Amino acid sequence: MNNSKPILIIKTGNTYPQISQHYGDFDHWIHTGLGNTPACVISAHHGDPLPEPASLAGVVITGSHAMVTEQTPWMRALTHWLYSLVKDSPAMPVLGLCFGHQLLAHALGGEVADNPMGMEVGTVPLRLTEAGHHDPLLSAIVGHPWAQVVHRQSVLTPPRGATVLASNVHDACQAFRYGECVWGVQFHPEFSADVMRAYLQALSGDSLTQQQVDTHLQDVRECQDASSILARFARLTLPQVA
């Protein structure tokens, strides 16, 4: 068996400089979460060329501080690539995180826009649907359905044919599956509690008041079940390696 095929981490943005100096960036956290599975990184937001799907075991799309509704040229190029990937390679495992979740939903015909309830940030509870309880990926969080989030936009309407796997009071589509092995999750399984706290502090005085930050900080905790989704996704790519 040839185990050389990597999971492609498609980077769609960077975290705040003050966070990356201490904790690293989106791709580092994801790579760590995937474990020992081979992975490679491209920066789509910098115009890096997208590889041929046949060279990959799976795909993870990172979060970003950009908004899907901006529809910049690199977003349109990535949207087209993702659509072709899902349609032409239906057995390829794909996972979108936060912005990646939204862009994937947009590529497949869903609606993404500002969430009417505003920003959702911090450690929040999720509610799994019946399908989520039995899903190969999302069932990882059945015992502890909490996750780290920071987003203004949401998937307001999932793609036609998608199965909603999780929701909460703020967001009716916290996770979905399309087909057998394409997932989007609005939350950040790659975030540790320390990274979540750092995000809250970075948003103080900008998107959040210090009082709001202090309130959210009280609820921050590790979400190990949500974090385990990355390692579980890596295992699900193994049949792709040939």
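Q: What is a polar contact, and what distance joins the side chains of Arg 197 and Asp 194?
A: A polar contact is a pair of N or O atoms within 3.5 Å, where one must be able to donate a hydrogen and the other to accept it. In this predicted model, the side chains of Arg 197 and Asp 194 are joined by such a contact at 3.0 Å.

Q: Where is the place of Arg 197, and which residues is Arg 197 in contact with beyond its neighbours within four places in sequence?
A: Arg 197 sits in helix α6, which covers residues 193–203. Leaving aside those sequence neighbours, Arg 197 is in contact with Leu 217 and Val 220.

Q: Is Arg 197 buried, partly exposed or exposed?
A: The class follows from the relative accessible area: buried is under 20%, exposed is over 50%, and partly exposed is in between. Arg 197 has a relative accessible area of 32%, so it is partly exposed.

Q: Where does Thr 15 lie, and is Thr 15 buried or exposed?
A: Thr 15 lies in the loop between β1 (7–11) and α1 (17–23). Its relative accessibility is 7%, so Thr 15 counts as buried.

Q: What does Thr 15 touch, not counting residues up to four places away in sequence?
A: Contact means heavy atoms within 4.5 Å. On that basis Thr 15 touches Ser 20, Gly 24, Asp 25, Phe 26, Trp 29, His 65 and Tyr 199. With Tyr 199 there is also a polar contact, side chain to side chain, at 2.9 Å.

Q: How many residues of helix α4 are buried, and which are they?
A: Helix α4 spans residues 99–107 and is mostly covered, with 8 of its 9 residues buried. The buried ones are Phe 99, Gly 100, His 101, Gln 102, Leu 103, Leu 104, Ala 105 and Ala 107. After α4 comes Gly 109, with a positive phi near 100°.

Q: How many helices and strands are there in the protein, and what is its radius of gyration?
A: The protein has 8 helices and 12 strands. Its radius of gyration is 17 Å, close to the 18 Å that the globule rule gives for 242 residues, so the protein is as compact as a globular protein of that length. Along the principal axes, the C-alpha atoms fill a box of roughly 55 × 40 × 35 Å.

Q: What share of the residues is buried, and what share of the contacts with a separation of 6 or more is between residues 24 or more positions apart?
A: Buried residues are 52% of the 242. Of the contacts with a separation of 6 or more, 78% come from residues 24 or more positions apart.

Note on methods
Residues numbered from 1 in each chain as written. Predicted model: local features only at pLDDT ≥ 70, side-chain atom pairs only at ≥ 80, totals over all residues. Heavy atoms only, no water. Helix = DSSP H or I, 4+ residues; strand = E, 2+ residues; numbered from the N terminus. Buried < 20%, exposed > 50% of the residue type's maximum accessible area, 1.4 Å probe, protein only. Rg over C-alpha atoms; globule rule 2.2 N^0.38 Å.
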